[in-house]
Amino acid sequence: ILNPKCITMGELYGEVNMVTQEWRDGLASTIMRRAVNDETPVRKWTVFDGPIDALWIENMNTVLDDNMTLCLANGERIKLKVEMKMLFEVMDLAVASPATVSRIGVVFMTPSDLGWMPYVTSWTQTFPESVPDAVKVKLIALYENCFQKGLTFQRKRCKEPVGCVDIQLATSSAMIFQSILFGPESKVQFETYAEKPDLLERLVEKLWYFAFVWSIGGSCQAQDHEQFDDFAKEMMETSGDEGSSIPLDVPGMGTSFDYFVDCTVEGGKFVPWRNIVPSFKYQKDLAYTAILVPTEDTTRFSYLMRTLITVDKPVFVTGMTGTGKTVMVQNLLRSLEPYPDEGGLAVVPTFMNFSAQTLSLITQQAIESKLEKKRKNLLGAPAGKKCIFFVDDINMPLVESYGAQPPVELLRQFLDFKGFYDRDKLFWKDITDTMLFTGAAPPGGGRSVVTPRFTRHY
């Protein structure tokens, strides 16, 4: 599997170095040659997992028709075998030429065919054994009764600064729920609930509601929070068994976004964020720009991000310019640097900024330079730690004439498959214990819309 848009055309098919006049092999031609030399009758699939554009796919025309030959710029011709097949995984064919479309069979997957429920069902199968079965049953019921109503309301009435797909919101709510109920830093003791199944059910309902509000409501703009909150409270009151209400005890003051679930209380309890805002201590040695006065907002966002780090769920922070996204994330990641016994998560933070001229090669070198080499084909964080890369202004790189952003495609390949191809030796390198955090202002004014295939991971 390779992403043709996160590398240049020369790196894909090979090119002549203008200074030394040496031929340098490309990634696709290397993979093809390797497959041709393999004598076994096994089928070999090459998957091009990235946007098609009229430039790189044009060189594939002789491969895809009856000739089945890849012609390279140095005059070499690679004759493909019958066992070799191509698969192009794309979001749309908006910029593909008719020459390409006529040569391949196109299969369209309708988003509504699968939906988000199979994800939820399979997610509940992965729970640790300590989690009682009653939790799974209750969860499935809550998702079936309430989640789709929330999605429908949000799509009709609310606006998302960065668009999200349905399954992404279902994944987010599942991960928030998991990180609090039985993540590595969970404070829930299931043994204490062995005799009190009804209290455990109450706790699950409250935590699910919290995750529901922060996944579907969390991606909306702030103006819509109030109407979404009214809808969510009303929906929970009318969607119990046989129309009975679910007593959530969400306090009436403020919105649901102003409260979190205190799991140390049996059955859970909604507590306002302002109760846990840390006190501000002035430190003389800090630069003026690095001083952060904790508020209700920084507390709740830091709490969510911290819990999501424990279950390896990347986070995308968006908001208008000057709202303090970068400062808040930097502050949180620096506070997690110490070892766990000192109150941290043993995190190694790295901060990167994208600009209009950012190249995918420079991005890959920057990431690899911060990681340790464990083996020839394995990179990762220092032992016992976790590397977190915070990429700011992710939507700034220049959009090519066909709509792709190579640095973003590179990071998408990393999120999809947890690795990169080595740019010189052209072999695959895995990356472990590494996470990606992203910040960006909404599209507009030099910022472009990032492909949903990338943002859906967040």
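Hi everyone, let me start at Met68, which is found in the loop between H3 and strand S4 (69-71). Before I go on, this is a predicted model, where local features need pLDDT of at least 70 and side-chain atom pairs count only at pLDDT 80 or more, while totals for chains, interfaces and linings use all residues. Residues are numbered from 1 along each chain as its sequence is written, and side-chain values use heavy atoms, with hydrogens and water left out. The helices (H or I, at least four residues) and strands (E, at least two) are DSSP runs, numbered from the N terminus.

Met68 has a phi near 50°, a positive value in a residue other than glycine. Most residues other than glycine have a negative phi. At 25% relative accessibility, Met68 counts as partly exposed; the cut-offs are under 20% relative accessible area for buried, over 50% for exposed, and partly exposed in between, with a 1.4 Å probe and protein chains only.

Asp312 is another such case: its phi is positive, about 60°, although it is not a glycine. You'll find Asp312 in the loop between H11 and S9. Its relative accessibility is 47%, so Asp312 counts as partly exposed.

On a 1 Å grid over the protein atoms alone, a cavity is a set of points where a 1.4 Å probe fits but cannot get out, and a pocket is an open set with protein on both sides within 12 Å along at least five of seven lines; lining residues have an atom within 4 Å of a point. Grid points are joined across faces, edges and corners, and a volume is the space filled by probe spheres set on the points.

The largest pocket holds about 1,600 Å³ of space. Its lining has 38 residues, and nearest its centre lie Glu89, Val90, Met91, Val107 and Met109. Two or more lining residues come from each of helix H3 (61-64), strand S6 (84-89), helix H5 (111-114), helix H8 (166-182), H14 and helix H15 (452-455). Which element gives the most to this lining? That is S6, with 6 residues. By class, the lining of the largest pocket divides into 25 nonpolar, 3 polar and 10 charged residues. In this scheme Ala, Val, Leu, Ile, Met, Phe, Trp, Tyr, Cys and Pro count as nonpolar, Asp, Glu, Lys and Arg as charged, and the others, Gly among them, as polar.

The second largest pocket has a volume of about 1,300 Å³. It is lined by 43 residues, and the closest to its centre are Gly218, Phe301, Phe316, Val317 and Thr318. The elements giving two or more residues here are H8, helix H9 (197-217), helix H11 (296-310), strand S9 (315-318) and helix H12 (325-335). H11 gives the most, with 7 residues. The lining of this second pocket has 23 nonpolar, 15 polar and 5 charged residues.

The largest cavity holds about 30 Å³, and its lining consists of Ile1, Leu2, Asn3, Asp49, Arg412, Gln413 and Phe417. Helix H14 (residues 406-417) gives the most to that lining, with 3 residues.

On to helix packing. In helix H13 (residues 360-369), the buried residues are Ser360, Thr363, Gln364 and Ile367. Why do they sit on the same side of H13? Because they cover an arc of only 95° around the axis, where the arc is that of the directions from the helix axis to the C-beta atoms. These buried residues of H13 pack against strand S10 (347-353), strand S13 (386-392), H14 and strand S14 (419-421); contact here means heavy atoms within 4.5 Å.

Helix H6 (residues 117-124) has Val120, Trp123 and Thr124 buried. They too cover an arc of only 95° around the axis, which puts them on the same side of H6. Helix H7 (133-157) and H8 are among what covers them.

Last stop, a hairpin. Strands S7 (residues 259-262) and S8 (residues 269-272) run antiparallel and are joined by 4 bridges; two strands pair if DSSP finds at least two bridges between them. Asp262 stands opposite Lys269 in S8. There are 6 residues between the strands of this hairpin, and Gly267 takes a positive phi near 85°. Thanks, all!
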